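Biologist: I'd like to go through this one with you, term by term. Can you show me what we have?

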Amino acid sequence: MKVAIIGAGFSGMLAAYLLEKEGIDVTVYEKQEYLGGHCRTIASINENIELGTTVLFSKSIKELLIELQIDYTERFIYRNYIDDNYNNVEHMLSDEISLLIEELNRLRVILDRYTPILQGTNYGNIHKDLLVPLKTFLKNNNLNIVHHVIEPYLSSFGFGNIEDVQAYYAFKTFNINTIYTFIQGKKLLFIKKGTTELIHKLSKKVSDIRLSLEVTNIDIKDNKVIVDTIYNSESFDKVLIATKLPIGVIKNQFYNKFMEKVITNPFISCAFEVTNKKLTTTYYKTNLGKKGKIQCFHTSRHNHKTILVAYAYGIANNKIIDNITNDLCHTGIDIKRLITVKQWDIFPHVENKKLTEDFYEELFNRQKDSNMRLIGSLISKPELGNLYLSVNEIVKELT
Ligand SMILES: Cc1cc2nc3c(=O)[nH]c(=O)nc-3n(C[C@H](O)[C@H](O)[C@H](O)COP(=O)(O)OP(=O)(O)OC[C@H]3O[C@@H](n4cnc5c(N)ncnc54)[C@H](O)[C@@H]3O)c2cc1C
């Protein structure tokens, strides 16, 4: 069997690695001249800057790092919150804590009703109660403190404004146990040389990777999949699509309609060198989910330098960089230089009005006997630990 994989992000590269381990021929197409997609470390002698994925959570990812002999550390993240006057504030007020415990107990009971829907690795059937904005869901169930707890994590992860994200996506990503870990604190995994090392280690086991080759056309003819770039055309038995593609690339009405409905949020990360030495990961409470505004920043030290990476919603331009710079200056940060700005499109999802109860079910039914399959963050929550499980499931089905 010959399999084409579109997109050399974590999902595509993991699929390629696992399939080659099973002796299946794989060709990976990547439109950029580098691998990794949203996993992107800029590494030089003096700096090591994580622009996309930074922390990893799951047991399965830890096992993968061990299998690939990748050095990692495990550490706590200490978090700081800032109000509209740039003063440090608590994530929650102390008298809210007992209310939070009561709300979390109630939330557990509420979410139990939807267990079969929320449990699976991939998106699937959706209950109509979860087809509302998260804010409405929390308000209707009188869960006001839960709102404060999860908002910083949702908005800094690229989900956007809590008013826009559906309850379904939020609770698929942040289940009750995850919410508890925010409060309890939990050690997180960091790859010493950055997430790009993970991608490169996967790529070493993959024999056919095509870089700077954007796929422009995917069609099925005589039960074969034809994959075109502007330079050539090749035939495969199956194709795994690990990225949102522009309308018209897939010559199939159903998949095109799917791509038409899936949207992403423009999100940027920008890296600065700053003179401050000790800075804690900080969330800007008044900016959460707002376009053009810094959501949070984290820092790391390299060769006596402090590198600060800040995240904001929107399309990279001078105004956003000015907004970020002003907010950082008001926070007491002394910026030495701007190192880089990176534009992302994050979290493929369907907007409120267009998401239906059977949206993903219909897709999975179509995919069963098709030689085209969508994988990765198109069908599963966009966190590496979960993408690992999702891609593994699909590879097992294929082999
Ligand atoms: C700023 C930021 C911080 C994040 N932090 C974390 C974190 O700390 N922990 C975590 O678990 N997750 C984090 N995430 C989310 C995580 O990075 C993504 O969910 C994950 O990397 C998605 O991987 P993927 O392979 O599914 O898709 P992608 O990384 O989007 O890969 C898709 C690839 O397809 C390529 N492509 C697109 N079109 C074509 C075409 N026509 N032909 C060929 N190739 C094409 C793209 O160039 C890209 O390389 C973060 C994301 C961002 C943006």
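Biologist: What makes the crossing of helix α1 and helix α13 oblique?

Modeller: The axes of α1 (residues 10–21) and α13 (residues 384–398) cross at roughly 40° and come within 9 Å. Angles under 35 degrees count as roughly parallel, over 145 as roughly antiparallel, 65 to 115 as roughly perpendicular and the rest as oblique, so α1 is oblique to α13. By the way, this is a predicted model: local features need pLDDT of at least 70, side-chain atom pairs count only at pLDDT 80 or more, and totals for chains, interfaces and linings use all residues. Residues are numbered from 1 along each chain as its sequence is written.

Biologist: Which residues in α1 and α13 meet?

Modeller: From α1, F10, S11, L14, A15, L18 and L19 meet L384, L387, Y388, V391, N392, I394 and V395 of α13. Contact here means that C-beta atoms, placed from the backbone, lie within 7 Å. By class, eleven of the residues are nonpolar, two are polar and none is charged.

Biologist: Now the strands. How do you know that β10 and β11 pair?

Modeller: Two strands pair if DSSP finds at least two bridges between them. Six bridges join β10 to β11 (residues 224–229), and the two run antiparallel, so they count as paired. N217, for one, stands opposite D228 in β11.

Biologist: Why are β10 and β12 called edge strands?

Modeller: The open sheet has the order β10-β11-β12. Both β10 (215–221) and β12 (233–236) pair on one side only. The twist averages 20° from one strand to the next.

Definitions and conventions:
Helix = DSSP H or I, 4+ residues; strand = E, 2+ residues; numbered from the N terminus. Axes fitted to C-alpha atoms, helices over the stretch in contact; angles between N-to-C directions. Contact = placed C-beta atoms within 7 Å. Nonpolar A, V, L, I, M, F, W, Y, C, P; charged D, E, K, R; others polar.
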